[in-house]
Amino acid sequence: MNRKLIGAWGEAVAAAYLEAKGYQVIAVGYRTRYGEIDLIAVNRDFAAFVEVKTRKDAWFAEAREFVDARKMERIRATAEMWLAENETELQPRFDVIEIYAPRGVDTQGPKIQHLEDAFQ
């Protein structure tokens, strides 16, 4: 299955999950020269910069393990650009949402793991 299609599907699933938890998703695929942030979502306390990882299973490794130090640095730099462009008093936070979908986009009820404050 097409990786971009699965990635976009996973981001849509993660966005719906966050909205059900009371977040407002304010950006999807925010890009700068430093990198991309999959989702930016806010609630009354936080501006969450969210990396979404969609996998069929965790047999090889958990999805969060694919967010390495280099990826974290790129997300931080991109978040700094967003914060410079958008005045907010919300506390920034970096989250990872793992989506496990054994049947890809045909998965009904994928397993969702939300790791709040996954890295500094």
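A polar contact is a pair of N or O atoms within 3.5 Å, where within protein one atom must be able to donate a hydrogen and the other to accept it, and where residues adjacent in sequence count only if both atoms are side-chain atoms. The exercises below concern a predicted model, in which local features need pLDDT of at least 70 and side-chain atom pairs count only at pLDDT 80 or more, while totals for chains, interfaces and linings use all residues. Residues are numbered from 1 along each chain as its sequence is written, and side-chain values use heavy atoms, with hydrogens and water left out.

**Exercise 1. Find the side-chain partner of His114, and place His114 in the fold.**

Solution. Begin with the element: His114 belongs to strand S5, where strands (E, at least two residues) and helices (H or I, at least four) are DSSP runs numbered from the N terminus. Next comes accessibility: His114 has a relative accessibility of 13% and therefore counts as buried, a class that means under 20% relative accessible area, with exposed over 50% and partly exposed in between (1.4 Å probe, protein chains only). Finally, the partner is Asp95, whose side chain makes a polar contact of 2.9 Å with the side chain of His114.

**Exercise 2. Describe the aromatic pair of Phe49 and Trp82 and then the pair of Phe94 and Phe119.**

Solution. Start from the definition: rings of Phe, Tyr and Trp (its six-membered ring) pair if their centres lie within 6.5 Å, and planes under 30 degrees apart count as stacked, over 60 as edge-to-face and the rest as tilted. Searching the whole structure gives 3 aromatic pairs. For Phe49 and Trp82, the ring centres are 5.6 Å apart and the planes meet at 75°, so this pair is edge-to-face. Because Phe49 lies in strand S3 (residues 46-55) and Trp82 in helix H2 (residues 69-85), the pair ties together parts that are 33 residues apart in sequence. Phe49 is buried at 0% relative accessibility, and Trp82 is buried too, with a relative accessible area of 7%.

For Phe94 and Phe119, the ring centres are 5.1 Å apart with the planes at 20°, so the pair is stacked. Phe94 lies in strand S4 (residues 91-100) and Phe119 in strand S5 (residues 111-119), so this pair ties together parts that are 25 residues apart in sequence. Both Phe94 and Phe119 are buried.

**Exercise 3. Locate the charged residue that lies over the face of Phe46.**

Solution. The test is that NZ of Lys or CZ of Arg is within 6 Å of the ring centre and within 35 degrees of the ring normal. Arg93 lies over the face of Phe46, at 4.5 Å from the ring centre.

**Exercise 4. Work out the volume and the lining of the largest pocket.**

Solution. On a 1 Å grid over the protein atoms alone, a pocket is an open set of points where a 1.4 Å probe fits, with protein on both sides within 12 Å along at least five of seven lines, and lining residues have an atom within 4 Å of a point. The largest pocket holds about 680 Å³ of space, the volume being that filled by probe spheres set on grid points joined across faces, edges and corners. Its lining consists of 19 residues, of which Arg3, Lys4, Ile6, Gly7 and Arg55 lie nearest the centre of the pocket. Helix H1 (3-20), strand S2 (36-42) and S3 each supply at least two lining residues, and the largest share, 6 residues, comes from H1. Sorted by class, the lining has 5 nonpolar, 3 polar and 11 charged residues, where Ala, Val, Leu, Ile, Met, Phe, Trp, Tyr, Cys and Pro count as nonpolar, Asp, Glu, Lys and Arg as charged, and the others, Gly among them, as polar.

**Exercise 5. Characterise Asn2 and Asp117.**

Solution. Asn2 lies in the segment before H1 and is partly exposed, with a relative accessible area of 48%. A polar atom of the Asn2 side chain lies 2.7 Å from the backbone nitrogen of Lys4. Asp117, in strand S5, is partly exposed at 41% relative accessibility. Most residues other than glycine have a negative phi, whereas phi of Asp117 is positive, near 50°.
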